Amino acid sequence: MTTAVIPCGGRGTRMASVAGVLPKELLPVAGKPLLQWTLEEAAAAGIEHAVVVTSPDKPQIAEFLSHRPALSCSISLVVQSEPRGLGDAITCARPAVVGDEVAVLLPDNLFGRTAPAIGAVLDAHRRTGLACVLIAEIPAAGAAGRGAVGQAQCRPRSDGLWDVVAVRAKVPAQPSTLTPIGRLVFDPGVFDHFERLRARLEPGAELDDVPLLQELASEGRLVGVPLAGPFFDVGLPDGYRDALAALT
């Protein structure tokens with residue numbers, strides 16, 4: 001069984017000028033909130049259960065889920081008390097996760113009406129038995145304007161995937177064209193791995209996902225899945241406007 005973890009607890013400061021008081025995850029594209037796009041993607045990939053990690057400052061998300069359209073996957077709601085990084089959001093979902101695969105889907109990333117992007121990452125995980133992340137080839141100019149994402153150094157494999165040999169936090173002066181984006185699949189051991197990383201942090205520090213990817217890559221346990229098809233970074237105003245123009 002696979003559980004999707006959908007983090008929605010961030011502050012959304014980059015989208016405040018567009019979203020106003022509405023959580024960015026509920027911004028509409030083609031008549032559907034971004035969160036609904038993400039849930040439908042998970043269901044289309046055969047994922048049986050989804051855990052939506054939200055914030056006490058976003059009651060609208062719970063309200064939306066109480067009236068959501070019927071889906072083939074069940075949904076649990078977990079509250080992240082305050083935004084302390086993507087890794088912290090993922091670990092908040094742990095009590096509600098069932099099964100032997102953890103698929104992380106960020107609503108900030110929208111892939112339109114193509115085959116579900118998370119499906120390719122799940123397939124790679126099942127074939128390799130390793131942690132897998134979707135990788136987009138983003139031109140240098142585009143990478144420079146993105147948020148705090150990682151950069152990946154990859155080596156081609158014979159099966160069409162990539163061995164990710166290194167990941168680093170984005171360096172604005174040296175943007176990479178290979179960027180891990182918000183579709184990842186792990187086994188449940190990821191929770192213990194995050195807790196080990198948390199133990200190294202100063203109290204109250206954010207638990208991000210990049211250190212986890214860095215460690216997995218250094219150990220030869222991270223596979224990159226090349227993105228096929230369009231990708232919209234709807235966590236940025238320009239990306240959101242691009243999605244509106246392309247999909248509406």
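The model is predicted, so local features need pLDDT of at least 70 and side-chain atom pairs count only at pLDDT 80 or more, whereas totals for chains, interfaces and linings use all residues. Residues are numbered from 1 along each chain as its sequence is written, and side-chain values use heavy atoms, with hydrogens and water left out.

Switch to the C-alpha atoms, which fill a box of roughly 45 × 40 × 35 Å along the principal axes. Colour next by accessibility: 52% of the 248 residues count as buried, meaning under 20% relative accessible area with a 1.4 Å probe, protein chains only.

Now select residues 34–44, helix α2, together with residues 59–66, helix α3, which pack at an angle of about 50 degrees with their axes 11 Å apart; the axes are lines fitted to C-alpha atoms over the stretch in contact, and angles run from 0 to 180 degrees between N-to-C directions. The two helices are therefore oblique to each other, a class that holds the angles left over once those under 35 degrees (roughly parallel), over 145 (roughly antiparallel) and 65 to 115 (roughly perpendicular) are set aside.

Finally, show side chains for Leu35, Gln36 and Leu39 of α2 and for Ile61, Phe64 and Leu65 of α3, which make the contact, defined as heavy atoms within 4.5 Å.

How values were computed: Helices (H or I, at least four residues) and strands (E, at least two) are DSSP runs, numbered from the N terminus. Buried means under 20% relative accessible area, exposed over 50%, partly exposed in between (1.4 Å probe, protein chains only).
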